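This briefing is intended for a reader new to the structure shown below. Please keep the sequence and the model in view while reading.

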Amino acid sequence: MNSFLESKPDSLSASEYILQNFEPSDRIAVLVRDRRAGETIQRITTAKNAACPEFQAWLRHKNISSDVYIGMNALKRDAQSRTKEDIETIRHLYLDVDRNGPLALEAIENSGLVPRPNYVLETSPEKYQVVWKVEGIAQDQAETLQRAMVSEFGGDPAATDSTRVLRVPHFVNRKYETQHLVGARAEATQTYHLEDFRLRTDAHDGPLHREAPNEGGRSNPPGNLSQSERDWAFAKRALARGDDPEEVIRRIADYRETISTIPFTTPVSPSPKPSATREKH
């Protein structure tokens, strides 16, 4: 059985979710949208303030008729909007799975191409938003990886930009006729880096990997992280979660055999233009 789908207590509140995903001083965008009234309100504030009881009470009041979303990346100190130019730090990678949800989660868990997610949000029945906490990843690299995840696992190709807002747990999804309380399951606790993601990317997206050390104290040119370094990062991650060493070796060998017989690039959908009111589910 897919462990992402196993029943487990969902005790993660909206405040806990925000504070676990951001530094208290991070400036983030919180958006509420009333579809019936055609009203959208966006507040830019610190994560600490967004998690405080007074702000959460305001969100619960708005949730009576509106949907609640949060931007997943930190904004610049003087940002007054949520455009790509306003992004200061990439805090997350994410995948919006709006069809074949259980199959997509199973593929993510078993692929070996991405690490275990930090959170899986069920936004409506069998629809999910999958979130990884990251650091040291540039904006263009994040969007490249998110397009590659859509190509590999399915999901919404329009939900790959760094300005995307996602659902918040313990608020009601009012987009559909049947309302749904959004739940979040905490999975992994670590923060990931570029080398933890082994996805194929479109060559037109440009170099994905930054310089990385190799033998002899030299540095690989940008975009040329060695396969051995990628395999070692994968092995450390797999062994840390308790995978059998022989199985890890077999998967690395299978992966190397695969990449030696197929082209490097995989077509992916182009990134859409950013919008200040994008939201999902």
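Arg174 is found in the loop between strand 10 (172–173) and strand 11 (180–181); helices (H or I, at least four residues) and strands (E, at least two) are DSSP runs, numbered from the N terminus. The model is predicted: local features need pLDDT of at least 70 and side-chain atom pairs count only at pLDDT 80 or more, while totals for chains, interfaces and linings use all residues. Residues are numbered from 1 along each chain as its sequence is written, and side-chain values use heavy atoms, with hydrogens and water left out.

**Surroundings of Arg174**

- Arg174 counts as partly exposed, at 23% relative accessibility; buried means under 20% relative accessible area, exposed over 50%, and partly exposed in between (1.4 Å probe, protein chains only).
- Apart from neighbours within four places in sequence, Arg174 is in contact with Asn63, Ile64, Ser65, Ser66, Asp67, Arg167 and Gln179, where contact means heavy atoms within 4.5 Å.
- Between Arg174 and Asp34 there are 9.0 Å in space, C-alpha to C-alpha, although the two are 140 residues apart in sequence.

**Helix 5**

- Helix 5 (residues 139–153) consists of 15 residues and spans 21 Å from its first C-alpha to its last, close to the 21 Å expected at 1.5 Å a residue; the expected span is 1.5 Å times one less than the number of residues.
- Eleven of the 15 residues of helix 5 are buried, so the helix is largely enclosed by the rest of the structure.
- Among these buried residues are Leu145, Met149, Val150 and Phe153, and also Glu143 and Arg147.
- The buried residues of helix 5 pack against strand 6, helix 4 and strand 8.
- Gly154 follows helix 5 and has a positive phi, near 85°.

**Aromatic rings**

- The structure holds four aromatic pairs; rings of Phe, Tyr and Trp (its six-membered ring) pair if their centres lie within 6.5 Å, and planes under 30 degrees apart count as stacked, over 60 as edge-to-face and the rest as tilted.
- One of the pairs is formed by Tyr17 and Tyr119, which are edge-to-face at 5.2 Å centre to centre, with 75° between the planes.
- This pair links distant parts of the chain, with Tyr17 in helix 1 (residues 14–21) and Tyr119 in strand 7 (residues 119–124), 102 residues apart.
- Tyr17 is buried, with a relative accessible area of 2%, and Tyr119 is buried at 3% relative accessibility.
- Trp132 and Phe197 also form an edge-to-face pair, at 6.2 Å centre to centre and 75° between the planes.
- That pair likewise joins distant parts of the chain: Trp132 belongs to strand 8 (residues 127–133), and Phe197 to the loop between strand 12 (183–186) and helix 6 (227–240), 65 residues apart.
- Trp132 and Phe197 are both buried.
- Trp132, Tyr192 and Phe197 are linked into a cluster by ring pairs.
- Arg43 lies over the face of Trp58, 4.3 Å from the ring centre; a charge sits over a ring if NZ of Lys or CZ of Arg is within 6 Å of the ring centre and within 35 degrees of the ring normal.

**Positive phi outside glycine**

- Asn100, a residue other than glycine, has a positive phi near 50°.
- Asn100 is placed in the loop between strand 6 (92–97) and helix 4 (101–111), and is exposed, with a relative accessible area of 54%.
- Glu126 is not a glycine either, yet its phi is positive, about 65°.
- Glu126 is located in the loop between strand 7 and strand 8, and counts as partly exposed at 49% relative accessibility.
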